[in-house]
Structures are given as structure tokens and as C-alpha cells.
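Please look over the model shown here before reading the notes.

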Amino acid sequence: MQDALSEVRAAQLAQPAPEIEAVDSFSLIRPKGDPYHLYQKTPELLEQAKALAERLDGPIHDANADHFFYQDSMRDFLQAGLLTDPDFLDLSESLSDEELGELAITVSAMRLPASANYTITNEADRSYQEKVAEFMDVLENSSFEDRAAILSQSAEYASQVDTEAVANFRKNVYSQTPSDVKFSPYPRETSANPLHNYITAVLATDDPAALTEQLGQLPPDAETGLLSVYGLDPSLGDRLSQLAGPDGQNLPNSLLSALGSMADAVKLSPLTSHAVGKFGFAWYGEEALLKDNEQSQGRDFALDSVSSMIDMIETFDFSDEQLNTMGSELNGLSNTEKRAYIEITTLGLEDMLHSKVADSFNKKNLDEAIEVVSELRTNQKVLSLVNGARYHDVTLIERPDIERGSFLVALEGAAVFQNLDSAVKQSRPLIGADTDKVNMVNGHSEIGHESENLYSAKSLDLYKDDVSNLVSTLVAFESMRKDSTAKDKLSLNAFSDHLDDMHSGIRDETLNRVKQALDTNVIRNKATENTQFAFLSNLIQEMAFETKRDFKDDITPAMDNFV
């Protein structure tokens, strides 16, 4: 235990080193082969290379006749590994001067990697030279017309790349050796994202020319959004592109932009110690929404949200008005609120329409379901409640085998324990937790940035279970509330406040039990349509009572002594 704590402490104090491998890094691979020796043995290649150099940079001076390929524009092709490829030299002869210039600016700008959230995933198994080589294969296998369109588009994205950033990258990163790394090759934000995401898309799609034509008909925000989804996951990008249609008009531009912004917002953890899996890090207030032990804004969460949205659009026959509404509403939300909005929409429609979808549901049912989820996803309290499902409420307790100070133990949610001893054994150290910074109310952290409260994020699998139960309960509540003719009904805001006030562990377990009851149709079998709302309200109260009872009365007072 103490060894593991020491390891995590060291990880906190040390500056995290970039994850760079000598062989596999996208940025640091060196060119293979030297054209000088190759050209001495194959004079015909030397003549082709000279012709290429003169087209790019003008006449070759006699003093530089044997080394022209190390300078000017040829240097970019050399470092991309192209000048030792006879196929590339043949390809260059078939390009017009304009196309050759577009290729040159593309290859040069590709030297600057995309931001880490795209590069670390998409380039995990290929170097810069290998990505360029794959792009050359696409060009070689395209018609003259398609090739011209692809090069024109890539050059447009390349022209957006910050030339100063490329120059700094050449100086500080590309010249490093893998054994002496001082500059990270993976910037957090980079002007090269659209270019690299476009190249990634071209390499992944079956019809690069059709994709290029589609992008050309989209406004900038939608164009960037679609490319960002390709950068997140090429297969999702292809599916979204198909849904948008050849001219991109089958989906609203606002929807493409919103989904792309979720891909852009992916965060990557700088901590790589394996001990982090056993020991969580404490983050406070608003910072916890961006940095926490499970990286709840990581790639897995973004993939889940975007893929859920695409699945839903593929499944249901939404009207243009419904799609436009979703796009405009999503664009007005923060990244975390977007995810909550998508959870409510996708899980809510699945809950209400899944059985009807299999039997070719009628459109009226979809309209009615949309009406229910619209009430939920446009309610700020509901969005906040669903967004908060990502986190455990945290209670601080002590264990004698953990050193005191900044290393405290957090009981994260988890409602049902046999006794306090069991609760303690199943808790884990939450490094950086400090009772002076945590505003504890009723034995758990109070929500709100101003109070610097403590949060601990759930794993994706646990979060998906809990948010599914939460949305199912909210959907049942709102749909039954609408059907009820009772005069004195609990409002949606009041119900959301009630759930929000519950300790997350109690709430998660309560709603799990409610969801099981809903799945067995226990309410519908016992009540008429008009009385279902009352039965649901009673069911929730009953399940909450049973959960708190099972939590054991002796746990909360014992924990309060340590808060």
C-alpha cells in the first residue's frame, strides 16, 4: 500500500514525460534511405528528381548539382520519404504545376501533427512518412479529375496551418532524438487539425472524391464538424457523411457542428502511472468537470455520445424540423450539457419506442415521444441532474493503514454496504482530498463551484448504467405526469430537485430498483393510465426508503464523525 502511494506521489511531483516511442512516433521517424546513393545507381531517377526540383524551385546551380534534393521544397519531399519512391517520381510528372504546388504545401504542412486527441489515436500505428505514403496511394489510384479536386482541398486546409508553428516544430521537435526529448510532439491545439482530419477521412472513405465534393458544399462550421468526427473515429465519420447526403443537406449544419465540437473537446490525461487506477485524484469545483481520475471528458465518453446520436438518427425517421431543433439546441449548450442532452434524447426514445420500432412504429408515436424528451432536455435542472450522473458524491472517511494528510479515503457513492467495516474496505484513497476544501452537507459533497466541492468521476460502464436508470425514471415520470388528470401533481422541477438532493449512491441504487420495476410493467399492470403517475410516485418513495434502510443507519453517523 505504502509503495503504491509513494509511486503516485512521485507521479504527481514529476513533470510527466511525453509518451514517445523511438520507432512508432508519428513525429520523430527519420527518412528511410538516402537519395544520393540511390540516384548514383539509377541515373533515370536522378533525372526525374532534377526535373521535379526545377519545377518547384527553379534552375539547379552547378555547385548544388549533387545535393539539390536536400534543400528548398525538395527537402520536404525528402523528409516525407518520397524522393526514394519511383512511383512518386512518376506521379509528380503527371501533375500540373498548380497541382504539384498544392501537393508541396500539403506535404510540408502535414509535418505539424494534429492535436493530441486526434494524433495519439489515429497515428498510433503509422509515422508521418507512412501517412504521406498512404495519401500518395490515394492520389495514384484516383482519376485526373478526382486527384485535382483532392489536392485543391488539401492545399486549402494546408494554407490554414500556422507556418510559424511548423517552423518551431521543425526546430524544436523534429530535430530531437527519441532518447533526448524536451518538446512534446503532440500539441493540445493546432491549426493542422482540419488538414490531418481531412487526410484521415480521405484514407478511410471508399470514395474520397465524393467526400471532397460534399465538404465543398458545407459551410465552414459544418465542414469542420464533419472532419472532427472523422478525426474522432473514421467509421463514425463515414456514417455521419452518409446520413448528410451527397450535398450535405440531409442533416442541419448546426448538428454537424455540434457533434464535431464534442470531438474537439476530448481531454487526455497527462498521468500514465498504473497506480492511478487504484488511487483516484481529487479535483474541486469546476475543475472536476475537466480533470478527474476517470477522465470523464475522455475519448470513450465522446465516442459514446457521438455514436449514440448517429445510431438514433439512423434508427428513427426524424422530420427536418426535429433535426434542426436538435442541432440548434445542442449548439447552445456546453460540451458536458451536450452529452446530457444526447443521453436524454437517445435513451428516452429508446425507452418509449423500442418495441414499436421493431414492428414498424408509426410516426405519431415518435412525435409524442419527442414531446416528452423535449420537456426533459430543455429543462436546465434536468440537464444538470443528468450531467451530474457522471460523478459519485464523495464522503471522506479514515483508514488506519493510510497515512494522514493529503492522502484521504473517499467513499464514492456505492449505496449498499453490510456495515461500516465493509464500506471502508471497499473505499479507495483519493489523493489530494482535503476536508478544509470540501463543503459536506448531510454526509456528502454539496454541488456547486463556489463551495469548491469534491467530485470523483465514474467509469464509463458504471456511468452508463446509472444514467440509463436515471433517464428511464425521468421519462416515466414526465410521460405519466402528462397523462395524469390529477390537479395537484409534482412538477418536473420539484422532482429533479428531489433526486438532486439525494446522495448519489442512494439515488443510483434507488433508480436501479425503480428501473427494474418499470421493466416488469409492475405499474402498468396495477393501475389505469390515469393513476399510473401516483403509483410511480409511491414506487420511487418506497424504493428510496428501502435503499436507505439497506444502507444501514449506523454508517452515516459513523462517517459524519470524520467529515
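The points below are grouped by topic and concern a predicted model.

**Confidence**
- The protein has a mean pLDDT of 77, and 67% of its residues reach 70 or more.
- In residues 270–277 the pLDDT is below 50, and this stretch makes 14 contacts in the model beyond near neighbours in sequence.
- Residues 442–452 also have a pLDDT below 50, with 34 contacts in the model beyond near neighbours in sequence.
- Where pLDDT is low, predicted coordinates should not be read in detail.

**Salt bridges**
- The structure contains 16 salt bridges.
- One of them joins Glu314 to Arg239, with the closest N and O atoms 2.7 Å apart.
- This pair connects distant parts of the chain, since Glu314 sits in helix α16 (residues 299–315) and Arg239 in helix α14 (residues 234–244).
- Glu314 and Arg239 are 75 residues apart.

How values were computed. Residues are numbered from 1 along each chain as its sequence is written. This is a predicted model: local features need pLDDT of at least 70, side-chain atom pairs count only at pLDDT 80 or more; totals for chains, interfaces and linings use all residues. Side-chain values use heavy atoms; hydrogens and water are left out. pLDDT is the predictor's confidence in each residue, from 0 to 100. Contact means heavy atoms within 4.5 Å. A salt bridge is a side-chain nitrogen of Lys or Arg within 4 Å of a carboxyl oxygen of Asp or Glu. Helices (H or I, at least four residues) and strands (E, at least two) are DSSP runs, numbered from the N terminus.
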